[in-house]
Amino acid sequence: MENTDILISGAGIAGPALAYWLRRHGLRPVVVERAPGPRPGGQAVDLRGAGRTVIERMGLMERARALCVEQRGIALVDRRGRHAARMPVELFGGEGIVSELEILRGDLADLLREATDGVEYRYDDTVTALDQDATGVTVRFENSPARRFGLVVGADGLHSAVRRLAFGPAAGHYRPLGGYHAWFTVHDPSFARELDSWFLMYNAPGGLVASARPGRLPGEVKASLGFRSAPLTLDRHDGAAQRRLLAERFAGTGWEVDRLLAGLAAADDFAFDSFGQIHLDRYSRGRVALLGDAGYSPSPLTGLGTSLALVGAYLLAGELAASAGDFRTAYARYEERMRPYVTRAQELPPGGVQGYAPDSALMIRLRAASMRCMGRWPLRPILAAQFAKAGDIALPDYPLPAHA
């Protein structure tokens with residue numbers, strides 16, 4: 001591969017992680033991101049299993065631990081705020097629904113980006129066209145002049161522009177799971193204190209879910225609202241319409257939902273999306289490869305998106321370096337290693353979206369009852385197997401150049 005410039009679309013978690021490893025292997029990554037700058041905040045994501053191993057191999061674990069959010073575990077609450085069931089962090093050895101190491105998405109992205117000091121980042125831009133030939137890819141951008149790259153990697157999430165350009169319309173790759181969710185930050189010091197370091201989740205009839213968990217900064221509450229639904233004809237870029245929809249659906253729901261809705265109106269980090277997965281026959285097409293949610297989103301219901309992003313970045317960079325320029329071989333080995341891990345990670349927890357958002361009062365009570373039994377047979381081994389998926393891959397050791 002004569003041109004060692006590699007374009008990465010997406011500066012979330014997968015993109016900077018890949019940029020880090022490519023640079024360590026002597027390649028030249030360039031990262032393009034649609035957002036005008038680094039995206040702050042976001043919900044807590046897990047560092048578990050093989051994803052944690054990748055962070056350790058990057059030498060970032062000590063710094064990651066310092067940024068982690070203190071949480072005692074997850075608790076289901078009733079309409080009056082009483083705990084109906086709890087799963088403490090330590091119940092599954094720190095690898096349960098709430099893991100021992102949870103870090104805000106924005107903090108992890110910042111940590112990874114800071115580790116790529118010297119890598120070129122181009123914000124407020126996106127890929128609009130890809131023209132592949134025998135020696136590289138001519139990439140056209142929305143706001144910048146066209147440029148040649150040896151390879152292109154789409155790490156731009158569930159609605160990947162690179163995937164659409166290289167693989168075709170999303171309809172053939174996206175599988176909706178029957179629901180939507182929103183996440184945002186509420187600044188409410190008294191509410192933050194009332195959480196008492198617990199991640200609280202409230203279910204209401206009709207498949208409605210509201211949750212609140214501690215932020216890293218004083219007075220912060222990381223909130224989420226989710227609901228079951230058939231596909232909606234809602235513009236995913238229309239944040240005002242999405243907020244109105246949530247306010248209408250959750251009005252008068254109970255618990256502390258009114259406080260969350262008040263915070264929703266003022267939140268400056270609001271995000272809204274569907275629950276869905278990406279399924280592809282191949283993770284690459286020609287010189288273009290996909291990474292993380294762009295190629296194999298497992299959905300937030302699994303809790304394994306961060307592990308897939310970090311592991312995929314490590315393997316893709318390692319195989320590109322090991323192939324000595326033969327990207328076809330590298331892409332094939334990357335997929336061969338990742339595919340079984342992805343397949344297991346995309347298996348939904350028991351009940352799927354129905355388990356997350358039960359639609360009747362009876363099913364809500366049964367969900368709480370099942371959580372109270374999660375530490376005992378027969379549920380414990382079933383849940384333990386679900387949580388163990390994050391570590392269900394052997395990571396090879398790729399030699400690094402002497403100057404790395």
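## Before you start

The model is predicted, and local features need pLDDT of at least 70, side-chain atom pairs count only at pLDDT 80 or more, while totals for chains, interfaces and linings use all residues. Residues are numbered from 1 along each chain as its sequence is written, and side-chain values use heavy atoms, with hydrogens and water left out.

## The second largest pocket

Which elements each supply at least two residues of the lining? They are β4 (73–77), β13 (198–204) and α13 (361–372), and α13 gives the most, with 5 residues. Helices (H or I, at least four residues) and strands (E, at least two) are DSSP runs, numbered from the N terminus. By type, the lining residues divide into 9 nonpolar, 2 polar and 4 charged. In this count Ala, Val, Leu, Ile, Met, Phe, Trp, Tyr, Cys and Pro are nonpolar, Asp, Glu, Lys and Arg are charged, and the others, Gly among them, are polar.

Strand β4 is largely enclosed by the rest of the structure, because 5 of its 5 residues are buried. Both of its faces are covered, with Gly73, Ala75 and Val77 buried on one side and Ile74 and Leu76 buried on the other. Buried means under 20% relative accessible area, exposed means over 50%, and partly exposed lies in between (1.4 Å probe, protein chains only).

β4 pairs with strand β5 (residues 83–88) in the antiparallel sense over 5 bridges, and with β13 in the parallel sense over 5 bridges. Two strands pair if DSSP finds at least two bridges between them. On the β5 side, glycine 73 stands opposite proline 88; on the β13 side, leucine 76 stands opposite methionine 201. The hairpin of β4 and β5 has 5 residues between the strands, and there glycine 81 takes a positive phi near 90 degrees.

## A sheet of three strands

An open sheet of 3 strands runs in the order β8-β9-β10, with antiparallel pairing. β8 (127–132) and β10 (147–149) are at the edges with a single partner strand each, so one side of each has no neighbour in the sheet. On average, neighbouring strands of this sheet are turned by 30 degrees against each other, direction ignored (axes are lines fitted to C-alpha atoms).

β8 and strand β9 (residues 137–141) pair over 5 bridges, and a hairpin joins them through 4 residues. Across this pair, aspartate 131 stands opposite threonine 138, and glutamine 132 has valine 137 as its bridge partner. Alanine 129, in strand β8, is partly exposed at 23% relative accessibility. Leaving aside neighbours within four places in sequence, alanine 129 is in contact (heavy atoms within 4.5 Å) with Thr138, Val139, Arg140 and Leu165.

## Around helix α4

Is threonine 116 buried or exposed? Threonine 116 is buried, with a relative accessible area of 3%. Beyond its neighbours within four places in sequence, threonine 116 is in contact with Pro16, Ala19, Tyr20 and Tyr121. The helix α4 itself is mostly covered, with 7 of its 10 residues buried.

## Backbone details in the loops

Serine 299 lies between α9 (293–296) and α10 (305–322) and is buried at 4% relative accessible area. Alanine 324, in the loop between α10 and α11 (327–345), is exposed at 71%.

Finally, tryptophan 377 and proline 378 are joined by a cis peptide bond with omega of about 5 degrees. Proline 378 lies in the loop between α13 and α14 (379–388).

Terms used. Axes fitted to C-alpha atoms, helices over the stretch in contact; angles between N-to-C directions.
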